[in-house]
Amino acid sequence: MTNENPSSLPNPTENRDNNLVLGQLTSGQLWMVNSRRRNGLIIYKQFYAEFAGPGAAVGSFFDVDSNQVLPVGELSLISPEDQEERQKAYLIRRQWIRLTHQLTDNPIPSQRAQMILNQFDNYFGANTVAKIPDEAFALMVGVLPQTVSLLRQGMSIAV
């Protein structure tokens, strides 16, 4: 974690809660991010991270290889009620992945980082974005955490 302010340091309760969520995801059971809330889940894989927003499927075969999670907003995971709801959740997960992929298509790292920061800021607001570590954003769009940190500090980055 590159943020140095005390409010961004992990606390034991958050770590325990995150481990419970990770256990749910890696259990093989299918869950959905509650679409009635402004929430989501950053899912860390070995070399990258994905974001699953409201309505997206999580767990099942998607996330058995997850090694860490970071809830965004007031996370609420629910179980899909029927096949139709599961199918819809799969499609929404795919849409979130596509959105992130569109951001990573940009060859300029600082622009990728700025775009992911803007997306999250527009959707979740500055207070929520401030709680997300630089590393999480960096892993989602393939940049160095320092790039995200510099952008957050308002510094210009030479390309």
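Visitor: How many bridges join strand β2 to β3?
Guide: There are 4, and the two strands run antiparallel. Strand β2 covers residues 40-44. Keep in mind that this is a predicted model.

Visitor: Which residue stands opposite Ala49 of β3?
Guide: Tyr44 does.

Visitor: What is the strand order in that sheet?
Guide: The order is β3-β2-β5, with antiparallel pairing. The sheet is open and has 3 strands.

Visitor: Why is one side of β3 and of β5 left without a neighbour in the sheet?
Guide: Because β3 (49-52) and β5 (68-72) stand at the edges, and each has a single partner strand. From one strand to the next, the twist averages 20°.

Visitor: Which helix packs on the sheet?
Guide: Helix α5, residues 134-141. Helix α5 touches β2, β3 and β5. Its direction makes about 95° with that of β3.

Visitor: OK, what about the sheet with β1? What order does it have?
Guide: That one reads β4-β1-β6, an open sheet of 3 strands with antiparallel pairing. At its edges stand β4 and β6 (77-78). Each has a single partner strand, so one side of each is left without a neighbour in the sheet.

Visitor: And how many bridges between β1 and β4?
Guide: 3 bridges join them, and they run antiparallel. Strand β1 spans residues 30-33. Met32 stands opposite Ala57 in β4.

Visitor: Let's zoom in on Gly59. Where does it sit?
Guide: Gly59 lies in strand β4, residues 57-59.

Visitor: Buried or exposed?
Guide: Gly59 counts as buried, because its relative accessibility is 0% and the cut-off for buried is under 20%.

Visitor: What does Gly59 contact?
Guide: Leaving aside neighbours within four places in sequence, Gly59 is in contact with Leu25 and Gln29.

Visitor: Tell me about Gln24, then. Which helix is it in?
Guide: Gln24 is in helix α1, residues 12-26. Gln24 is partly exposed, with a relative accessible area of 29%.

Visitor: Which residues does Gln24 touch?
Guide: Gln29, Trp31 and Leu77, not counting residues up to four places away in sequence. Val58 is 34 residues apart from Gln24 in sequence. In space they are 9.2 Å apart, C-alpha to C-alpha.

Visitor: How does the lining of the second largest pocket divide by residue type?
Guide: Into 4 nonpolar, 4 polar and 5 charged.

Visitor: Back to α2. At what angle do α2 and α3 pack?
Guide: About 145°, with their axes 8 Å apart. Helix α2 covers residues 83-104, and helix α3 covers 109-124.

Visitor: Which residues make the contact?
Guide: From α2, Leu99, Leu103 and Thr104. From α3, Arg112, Met115, Ile116 and Gln119. The contact residues divide into 4 nonpolar, 2 polar and 1 charged.

Technical notes
Residues numbered from 1 in each chain as written. Predicted model: local features only at pLDDT ≥ 70, side-chain atom pairs only at ≥ 80, totals over all residues. Heavy atoms only, no water. Axes fitted to C-alpha atoms, helices over the stretch in contact; angles between N-to-C directions. Contact = heavy atoms within 4.5 Å. Nonpolar A, V, L, I, M, F, W, Y, C, P; charged D, E, K, R; others polar. Buried < 20%, exposed > 50% of the residue type's maximum accessible area, 1.4 Å probe, protein only. Pairing = 2+ DSSP bridges.
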